[in-house]
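Below are my notes on the fold, taken point by point. Please read them alongside the sequence and the coordinates.

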Amino acid sequence: MLRLDLARLDREGSVELNARLPAASALWEGSGVEWDSPVEVKLTASLAGSREIVVRGCLNGRLKQECKRCLKPVGSSMEHELTLVFVSADEESAEEDEGVHLYGQGTEIDLSNAVREEVVFAVDPYVICRSDCEGLCSRCGINRNKQKCNCTEDHTDPRWEALRVLKEK
Ligand SMILES: [Zn+2]
Ligand SMILES: [Zn+2]
């Protein structure tokens with residue numbers, strides 16, 4: 001879907017790639033990123049030097065996330081601009097780096113993994129439903145936005161709590 005035809009790029013100097021990646025695309029599998037809508041991708045690939053390709057563009061879609069405090073579903077739209085650089089793996093100095101990808105021989109480059117990487121990097125996994133979300137009680141699990149519980153107000157760090165339980169065994 002996001003394949004760049006190298007012969008065409010050579011001929012035309014720049015190639016536009018537009019795609020609509022389904023929310024359920026295998027591309028997102030295991031990435032930890034979930035979508036509520038298809039992801040629109042608009043990219044322009046240009047030759048920069050003989051063996052370097054720069055891909056610029058943007059993608060947008062609606063993210064499906066969970067509040068880190070109370071687990072309520074949180075939807076938000078994501079619009080992300082990206083620049084990807086592809087360097088021929090034959091190049092002496094070619095080195096994979098942040099935002100720099102190598103491409104081998106072949107008639108096309110599959111951009112999808114680079115796009116996936118970019119998305120995973122750009123999505124903030126720590127969303128909350130609202131700034132004053134009280135979250136779940138770490139003791140009884142009650143949603144403290146909706147109910148009050150009688151647990152003591154001592155907010156022991158749950159990690160220490162787990163350690164304490166271990167020690168008592
Ligand atoms: Zn929340
Ligand atoms: Zn509680």
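1. Read along the sequence, the elements of this predicted model follow the pattern β-α-β-β-β-β-β-β-α-α, giving three helices and seven strands in the protein. Helices (H or I, at least four residues) and strands (E, at least two) are DSSP runs, numbered from the N terminus.

2. On conventions, residues are numbered from 1 along each chain as its sequence is written, while chains are lettered from A and ligands numbered from 1 in the order in which they are written. As this is a predicted model, local features need pLDDT of at least 70 and side-chain atom pairs count only at pLDDT 80 or more, whereas totals for chains, interfaces and linings use all residues.

3. The mean pLDDT (the predictor's confidence in each residue, from 0 to 100) of the protein is 88, and 89% of its residues reach 70 or more. Where pLDDT is low, the predicted coordinates should not be read in detail.

4. Five strands form an open sheet of mixed pairing, in the order β2-β3-β4-β5-β6; two strands count as paired if DSSP finds at least two bridges between them. Its edge strands, β2 (14-21) and β6 (100-103), each pair on one side only. Neighbouring strands of this sheet are turned by 25 degrees against each other on average, direction ignored.

5. Within the sheet, strand β4 (residues 52-66) and strand β5 (residues 73-88) pair in the antiparallel sense over 15 bridges, and the bridge partner of Cys58 is Glu81 in β5. Helix α2 (residues 112-122) packs on the sheet, touching β3, β4, β5 and β6, and its direction makes about 135 degrees with that of β5. Axes here are lines fitted to C-alpha atoms, for helices over the stretch in contact, with angles from 0 to 180 degrees between N-to-C directions.

6. Which residues of α2 are buried? They are Ala114, Val115 and Val119, where buried means 20 or more other C-beta atoms within 10 Å of the residue's own, and exposed 12 or fewer, with C-beta atoms placed from the backbone. They cover an arc (of the directions from the helix axis to the C-beta atoms) of only 135 degrees around the axis, which puts them on the same side of α2. The cover over these buried residues includes β3, β4, β5 and β6, while the face of α2 turned away from its buried side carries the exposed residues Asn113 and Phe121.

Technical notes: Contact = placed C-beta atoms within 7 Å.
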